[in-house]
Amino acid sequence: MAKKRAREADGAAPDPDRMQEDESSDDDDFDIVNVDFEWFNFTEIDFHGVKSLLRQLLDVDSQLFDVSGLADLIINQSTIGSTVKVDGKDTDPYAMLTALNLHEHREKKPVTDLIQYIGDKAKAIEPLAPLPELLASGKHVGLVLAERLINMPSEISPPMYNLLMEEIEAAVEDKEPYEFSHYLILSKVYHEVESTLDVLDERKKKKGKVAEPAVFYFHPEDEVLAKHAVASGSYEFTKHSEAVADSKRAFQEMGIQPKGFLMLIEAPKFAGAVKAINDYLSPPS
């Protein structure tokens, strides 16, 4: 946190948190592309970019929420969380990560609606059934919201989580309301599904035992976080429709069916989860 607040003047990321991506191939038809990623605090210029990332994260259910209000809350706590950009601080973010205190903001409508939504979804997930009681208990639960453009490398995640941990530790030292009992990560997963466009294919009509579909993670770090969670599970979006799988079937036989995904991690175990993300995703030195 001290390092990040110290760079407030110019917005440039400290060297340890600066990453260069090389896209190369042995094939002479491909060029080498170097991209410098920089980490920044949230500012007002990020409003529209954060809104877009929140809509992507919440998927079809984003229309149920005041996404603009959520974006405002995130931006207003500028020293908690990060954006990742490639063309300087005055451009739109390619990725974001933050943590909102659900108890602190519980009476603000964007958060009230989100708490109600999360509670309703959790009731249908057996391991997360006690979550509504936790959210109503007065304990300070940190809602972690992380999203990035689909072509962003997963290696940006370790520095983002490292910075978040530092910032929260410093905020607690400054008596700010970030001493969480739990971290609740709101994310997405998906299943591969047979497209409804193929329903007339006789091979698809054969009866038999249907295996439970495998879960795939949009964010590789979520698989790590789930292993450190006291409870986790996926849920259907409220605005879900069968057409979603077809609309997301891009040049492949199987479509994908996105679902919401919740992970609850006890605060003392969060540092271990972040370390595991570093071990799993940090690029080789």
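Predicted model: local features only at pLDDT ≥ 70, side-chain atom pairs only at ≥ 80, totals over all residues.
Mentor: Residues are numbered from 1 along each chain as its sequence is written, and side-chain values use heavy atoms, with hydrogens and water left out.

Trainee: Why is Lys188 called buried?

Mentor: Buried means under 20% relative accessible area (1.4 Å probe, protein chains only). Lys188 has 9% relative accessibility, so Lys188 counts as buried.

Trainee: What makes the pairing of Lys188 and Asp59 a polar contact?

Mentor: A polar contact is a pair of N or O atoms within 3.5 Å, where one must be able to donate a hydrogen and the other to accept it. The side chains of Lys188 and Asp59 are joined at 3.1 Å, and that value is within 3.5 Å, so the term applies. A polar atom of the Lys188 side chain also lies 2.9 Å from the backbone oxygen of Gln56.

Trainee: Which residues line the largest cavity?

Mentor: The lining consists of Ala95, Met96, Leu97, Ala146, Glu147, Arg148, Ile156, Ser157, Met160, Tyr161 and Glu221. A cavity is a set of points on a 1 Å grid over the protein atoms alone where a 1.4 Å probe fits but cannot get out, and lining residues have an atom within 4 Å of a point. The volume is about 50 Å³.

Trainee: Which lining residue does Lys188 touch?

Mentor: Glu147 is in the lining and is among the residues that Lys188 touches, contact meaning heavy atoms within 4.5 Å.

Note on methods. 1 Å grid on protein atoms, 1.4 Å probe; cavity = no way out; pocket = protein on both sides within 12 Å on 5 of 7 lines; lining within 4 Å. Points joined across faces, edges and corners; volume = space filled by probe spheres on them. Buried < 20%, exposed > 50% of the residue type's maximum accessible area, 1.4 Å probe, protein only. Lists of a residue's contacts leave out its neighbours within four places in sequence.
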